[in-house]
Amino acid sequence: MRRQIVAGNWKMNKTYPEALALVNELATDLQNNPVSNVEVIVAPPFPYLAALSDKKGDAIQLSAQNCHQKDSGAFTGEVSATMLASVGCEYVILGHSERRQYFQEDSMLLEQKLKAALAAGLKPIFCCGESLEQREQEIHFDFVAQQLKDGLFHLSNEEFDKVIIAYEPIWAIGTGRTASSEQAQEMHEFIREQVSRAYDAEAALKTPILYGGSCNAQNAKELFACKDVDGGLIGGAALKSADFLTIIRSFQQ
Ligand SMILES: O=C[C@H](O)COP(=O)(O)O
């Protein structure tokens with residue numbers, strides 16, 4: 001069976017006391033009612049990572065939301081993958097559409113960031129997904145295939161083995177408009193097929209592919225029941241412990 005994963009991307013939300021409270025609520029609940037079949041990841045803002053690494057407990061893994069492509073140096077305001085690994089981060093989200101849109105991150109830069117993350121021992125959560133215009137023009141499959149080819153499939157087999165893919169249709173992010181389970185399944189199956197072509201059938205079979213885009217406590221069960229949906233990368237609904245815990249427990253037993 002493939003790994004089942006629920007990752008919470010907090011984006012630029014929460015003060016430090018709020019972040020502490022949220023992690024405490026999650027850790028306590030997961031300790032009292034453990035989930036054996038789901039990996040839980042949280043991606044808080046940079047300043048909280050070191051402290052939360054000590055407080056999150058064993059049931060939660062830690063991700064960063066971004067990293068710089070260089071290991072160290074005169075890059076004011078930036079954070080390297082090595083620094084993230086040194087405070088206990090295990091994952092890093094790369095290629096999120098918000099980074100692509102607001103910070104002009106393109107596939108060439110993402111290639112460097114992926115290499116830096118992997119060299120530091122971090123596992124990348126690589127995001128892809130089309131805009132509404134691209135879906136309406138029916139070029140969404142081609143677009144996602146190109147994003148994967150340019151941004152991800154340059155990795156060696158050993159490197160790719162560490163990757164989680166997140167399909168996040170941009171039109172569903174933060175909009176309350178979720179992809180239907182048919183739309184999600186169709187694209188996840190397509191992504192798996194691309195992995196199979198770029199690597200092999202075994203890689204395709206075992207790579208976790210998460211869905212992101214207004215996934216919440218109400219729709220997670222239906223989305224996670226899709227054959228090729230292995231969990232979610234959750235934004236807004238990851239900011240409330242009750243909602244996030246419901247999502248974590250939305251897999252079929
Ligand atoms: O990284 C998470 C995604 O952008 C989804 O965000 P959302 O659940 O708020 O739509």
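Helices (H or I, at least four residues) and strands (E, at least two) are DSSP runs, numbered from the N terminus. Keep that in mind as you move through the viewer, and note that residues are numbered from 1 along each chain as its sequence is written. You are looking at a predicted model, where local features need pLDDT of at least 70, side-chain atom pairs count only at pLDDT 80 or more, and totals for chains, interfaces and linings use all residues.

**Stop 1: the active site**

Select E168, in the loop between β6 and α9. UniProt, in an unreviewed entry, places the feature "active site" at H96 and E168. Although these are spread over 73 residues of sequence, they cluster in space, with a largest C-alpha distance of 8.3 Å. UniProt annotations may be inferred rather than shown by experiment, its positions are given in the numbering used here, and feature names are shortened.

Is E168 buried or exposed? E168 is buried, because 26 other C-beta atoms lie within 10 Å. The rule is that a residue is buried with 20 or more other C-beta atoms within 10 Å of its own, exposed with 12 or fewer, and partly exposed in between, with C-beta atoms placed from the backbone.

Now show the contacts of E168 (C-beta atoms, placed from the backbone, within 7 Å). Leaving aside neighbours within four places in sequence, E168 is in contact with S97, C127, G129, I173, G212, G213 and L233.

Next, click on H96, in the loop between β4 and α4 (97-102). H96 is buried too, with 27 other C-beta atoms within 10 Å.

**Stop 2: the binding site and the ligand**

Select N9, W10, K11, G174, S214, G235 and G236, where UniProt (unreviewed entry) places the feature "binding site". They are spread over 228 residues of sequence, yet they cluster in space: the largest C-alpha distance is 13.9 Å.

Zoom in on K11, in the loop between β1 (5-9) and α1 (16-32). K11 is partly exposed, with 18 other C-beta atoms within 10 Å. Then move to G174, in the loop between β6 (164-167) and α9 (181-198). G174 is exposed, with 12 other C-beta atoms within 10 Å. Beyond its neighbours within four places in sequence, G174 is in contact with G235 and G236.

Which residues come nearest to the ligand? Of the 14 residues around the ligand, they are N9, I173, G212, G235 and G236. A residue counts as near if its C-beta atom, placed from the backbone, lies within 6 Å.

**Stop 3: helix α5**

Highlight residues 107-119, which form helix α5. At 1.5 Å a residue, its 13 residues should span 18 Å, and the end C-alpha atoms are 18 Å apart, which agrees. The expected span is 1.5 Å times one less than the number of residues.

Colour the buried residues of α5: L110, K113, L114, A116, A117 and L118. They pack against α3 (81-86), β4 (91-94), β5 (123-128), α7 (140-151) and α8 (157-160). After α5 comes G121, whose phi is positive, near 90°.

**Stop 4: a loop with C226**

Finish at C226, in the loop between α11 (220-224) and β8 (231-234). C226 is partly exposed, with 19 other C-beta atoms within 10 Å. Not counting residues up to four places away in sequence, C226 touches S181, A184, Q185 and H188. For a sense of scale, select L122 as well: C226 and L122 are 104 residues apart in sequence and 28 Å apart in space, C-alpha to C-alpha.

Conventions:
Two residues are in contact if their C-beta atoms, placed from the backbone, lie within 7 Å.
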